[in-house]
Amino acid sequence: MRNSLRCLPAVLLASASLLSACGPQQSTEKKAVAAATDKSAELADTATQGARPRLVATFPDSLNTPDGLALAPDGRVFLSIPNMADNKYPARIVELTGTGYKPFINNLPLEPTTKKATPMDLAIGPDGNLYYAENQYENSKDFKSRLMRVRMTNGKPGAIETVVDNFALANGVVWKGNTLYVTDSQWDLPDNDKGSAILYFTLDQLNHGPIHLKPKTKDPHVLAMFTTTVNETGVDNGADGIDYDSQGRIYTGSFGDGNFYRVSLKPDGSYDKQELVPVAAPKIPCIDGFVIDRATDKAYITSARLNSIDVVDLKTNAHTILARNGDTNGAGGRLDQPAEVLLKGKELLISNYDNPNKHFVNTKSDAPHTESAIDLK
């Protein structure tokens, strides 16, 4: 989720091959999008609250779970699409445009054993390169998730390499200075099978990688750990989204139980303490992605289970609903299980992941697959 601006042998991909076949492929996708839009009437929604999101982009079935967002220094926005709802299609990273989207990276390197690429959250590093968390957990429970780096040259993608491996469920990423923080939503210890964690890596460490994590331990790169309380959804995923406030304190939210955590750091960047943020009622039952506006210290949170964007004022813990929809299909820009958000000026971009768990307001993955936005005041 993001608002600002190891080593296994590198998998080298030439920029030409990364962007190959853009013309015919994009033409085919435009036809598929048009067909999906024609068939997807905007459903009546009696659960609408707050602002009405507007439609930014519609994707074909081959791009079925829009997720992580990153804002480049030049204002471009990159979007990961891991295709978790239907992974017969290869995962991709696209660039959002004023009229929809265009290809950015079509051929992501596959994890050698799962034969899948599953990019989730994205972030531009202080080195100008694009980093993404790769979540292999649905493909393998054997710690196959990775942190990947896309070498950028003049704004174009080049070689893609693994910089950290042996995550269980790599998920959210955010850079704070020269340190990258990554959530692992399933970092379990032998005595805690409901665990999750924030891990952290300096740019210098990543440049001297690859880093091989030590699963089921408090690896030296673990900053903080959490335990998920499993509810009726049966989901035990923990720390998911991640960002920091104007004071440099790190926040994460639990996907499984909706707890919102604050981790304070010492002046040298090491761990100081962690606490549960006393968010005002009603409780947010599931926190996926979020972004913090450091000018106001307001957190814009995707309450994925409730099909909602909620706002928490980190100064007062006040909690309001920015926008909420019922079980829509996402047509017209309505929320359809929002997963990630990004602030671009006063525009809040929203990825509609549309791949529900049981007891979610959203009941099925269906066309159209969309990106939405809300214009903030």
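Predicted model: local features only at pLDDT ≥ 70, side-chain atom pairs only at ≥ 80, totals over all residues.

Visitor: Okay, so is R151 buried, exposed or partly exposed?

Guide: R151 comes out at 34% relative accessibility, so it counts as partly exposed.

Visitor: And which residue does the R151 side chain meet in a salt bridge?

Guide: That's E161, with an N to O distance of 2.8 Å. E161 counts as buried because its relative accessibility is 7%.

Visitor: How many salt bridges are there in the whole structure?

Guide: A search turns up 14.

Visitor: What does R294 pair with?

Guide: R294 forms a salt bridge with D243, and their closest N and O atoms are 3.0 Å apart. This pair links distant parts of the chain, 51 residues apart: R294 is in the loop between strand 20 (290-293) and strand 21 (298-303), while D243 is in strand 16 (residues 239-244). D243 is buried, at 0% relative accessible area.

Visitor: What about D310, who's its partner?

Guide: R324, at 3.7 Å from N to O. D310 belongs to strand 22 (residues 308-313) and R324 to strand 23 (residues 319-324), 14 residues apart. D310 is buried at 0% relative accessibility, and R324 is buried too, at 17%.

Visitor: Changing topic: where is D354?

Guide: D354 is in the loop between strand 25 (347-352) and strand 26 (369-375).

Visitor: A loop residue, then. Buried or exposed?

Guide: D354 is buried, with a relative accessible area of 1%.

Visitor: What does D354 touch, leaving aside its neighbours within four places in sequence?

Guide: D354 is in contact with A85, D336, Q337, N362, K364, S365, D366 and H369. With D366 there's a specific approach: the D354 side chain reaches the backbone nitrogen of D366 at 3.0 Å.

Visitor: And how far is D354 from A339 in space?

Guide: They are 8.4 Å apart, C-alpha to C-alpha, and 15 residues apart in sequence.

Notes
Residues numbered from 1 in each chain as written. Heavy atoms only, no water. Salt bridge = Lys/Arg side-chain N within 4 Å of Asp/Glu carboxyl O. Buried < 20%, exposed > 50% of the residue type's maximum accessible area, 1.4 Å probe, protein only. Helix = DSSP H or I, 4+ residues; strand = E, 2+ residues; numbered from the N terminus. Contact = heavy atoms within 4.5 Å. Polar contact = N/O pair within 3.5 Å; in protein donor to acceptor, adjacent residues only side chain to side chain.
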